Amino acid sequence: MFKIAKYISLDIIKSKVIIAYTLLLAAICVSIFMADEDVTKGLVSITTVMLIIVPLVSVVYATTYYFNASEFTELLVSQPISRTNILMGKYLGICVAILGAFLLGVGVPILLFAASITGLTLILTGSLLTLSFISLAFLSSVLMRDKAKGIGLALMIWFYCSIIFDGLVLVFLFAFSDYPLEKVLIAITAFNPIDLARILILLQVDIAALMGYTGALYQQFFGSGLGITFTLFMLMVWFLLPLWASLRVFKKKDL
Amino acid sequence: MEYIIQVKQLKKSFGKLEVLKQVDCDFSRGGIVGVLGPNAAGKTTLIKSILGMVIPDGGEILFEGKSVANSFEYKKNIGYMPQIGRYPDNMKIGDLFKMMKDIRNVHENLDTDLISAYGLDAMTDKAMHTLSGGTRQKVSAALAFLFNPPVLILDEPTAGLDPLSAEILKDKILQEKAKGKLILITSHILTEVDELADKVMYLLDGNIKFYKTLTDLKAETGEQRLGKALTKILS
């Protein structure tokens, strides 16, 4: 498993896309920190950008790579290696590369400019987000046979998390505006890893007060130890559950 | 006789399409079996089932008497050359061979005949994505033979190879047969099967139409060439 992972990450690191991704992240972070004296504001800006780019790149790149390496997977399956090891090796290899890019591009600038609890939270949630979206990418890859459909599904997942979900929540809020929905909303956020990450970071920044009554409620829940544990736990679920599911599908898949 | 691979009532469908309908066959050590059949007859599916790449819907496959379902250790004994070999793009030829040795954890008793015969050792620095289709075929062939496995499964081995390289491969196949290995070959080139095979299996619409030795086949039909014999028996 680790051998496969090693070869895959070495293969990815040599590709230009992952270098471009690292440089892009680094450029964004450094320029934001340079442009603004206020580090906290900088972190908020980085969060906004990161919550769009990181899931998108992770999910699309992992899916593309999965399909491009599908013949290589066939080759590995014909070798004396268990399927679990093959998929996990692939997963680890891709994760090391993309997560490495994220840590270099975002982690290093943050540690240099804003090494605070908030900064560390951002790095941690960004990493978890990367892992969850690679898991989701794997799930969509093993479910679909051809590349176009696989990438399509991966993009749908991203659309759902970054755009559609917010719309659905708004519709829901509007439709049930007569009821007290604050607690329900907390439960609903668990269905979107990007929202979970956003809340986790923003509450560290202490600007939750700007978000009105719900924000205050969020602060009360998500700001507490229990809330942070809950959010981290849900992010872990978002990363482990799709991975487990894709492993199950992959074991029975025809190649 | 002791069979190394036994296929029992193998069934496989993709969606509504029944690719293999109850296939029963046995392969014994030593000898070359040519698997023939029109496109979509189920040749590759049969091979892939033996390799555990396709999970059968029914029936079972035994390798040295043990079921291959949910196991992977038996693949140590198989060298497989796919129809189209594709490898990680940025990897160099040399790295690929190193990686396969590393993954299999076998570094001794390697068969590097084909690597040197095809001059692959002179281009270890070439990245896989710069290679032509034919060169990739050579890499696939060299990989299949590398670990000296007792069973070789070659899916259309000479398709895409130039005549000279194809000859090298054929000679190699005959050499390995002489060592008592079982070699399964699918091919559409009948003259090639005629040259190499001891037994011929003909698959048609997911069933085995016949599976007999080449000499029997020729004797039955009274033809000297496999192509003629096939047309006679199938018409």
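Predicted model: local features only at pLDDT ≥ 70, side-chain atom pairs only at ≥ 80, totals over all residues.
## Overall form of chain B

Chain B contains eight helices and 10 strands. Its C-alpha trace extends over about 50 × 40 × 35 Å along the principal axes. The radius of gyration of chain B is 18 Å, which agrees with the value near 18 Å that a compact globule of 235 residues would have.

Of the 235 residues in chain B, 41% are buried. Among contacts in chain B with a separation of 6 or more, 70% are between residues 24 or more positions apart.

## A four-stranded sheet in chain B

Four strands of chain B form an open sheet in the order E2-E1-E4-E5, and their pairing is antiparallel. The edges are strand E2 (17-28) and strand E5 (66-67) of chain B, each of which pairs on one side only.

Strand E1 (residues 3-14) of chain B runs antiparallel to E2(B) and is joined to E2(B) by eight bridges. Within this pairing, B:Tyr3 lies opposite B:Ser28 in E2(B), and B:Leu10 lies opposite B:Val23 in E2(B). E1(B) and E2(B) make a hairpin with two residues between them. In the turn, B:Gly15 adopts a positive phi of about 65°.

## The nonpolar core

In soluble globular proteins, nonpolar side chains tend to be buried together. In this model, the largest nonpolar core comprises 136 residues. The residues with the most contacts inside this core are A:Ala62, A:Ile94 and A:Ile134 from chain A, together with B:Ala142, B:Ile153 and B:Leu184 from chain B. Helix H6 (residues 117-143) of chain A supplies the largest share of the core, with 12 residues.

The surroundings of B:Ile153 can be listed in detail. Leaving aside residues up to four places away in sequence, B:Ile153 touches B:Ile47, B:Ile50, B:Leu51, B:Ile78, B:Tyr80 and B:Leu184. Of these neighbours, B:Leu184 is also listed among the core residues with the most contacts.

## The contact between chains A and B

Chain A gives 19 residues to the contact, and chain B gives 21 residues. On the side of chain A that touches chain B, the elements giving two or more residues are helix H1 (2-13) and helix H4 (70-77) of chain A. That side of chain A consists of eight nonpolar, four polar and seven charged residues.

Key. Residues numbered from 1 in each chain as written. Chains lettered and ligands numbered in written order. Contact = placed C-beta atoms within 7 Å. Nonpolar A, V, L, I, M, F, W, Y, C, P; charged D, E, K, R; others polar. Rg over C-alpha atoms; globule rule 2.2 N^0.38 Å. Buried ≥ 20, exposed ≤ 12 C-beta atoms within 10 Å, placed from the backbone. Pairing = 2+ DSSP bridges. Core = buried A, V, L, I, M, F, W, Y, C linked by C-beta atoms within 7 Å.
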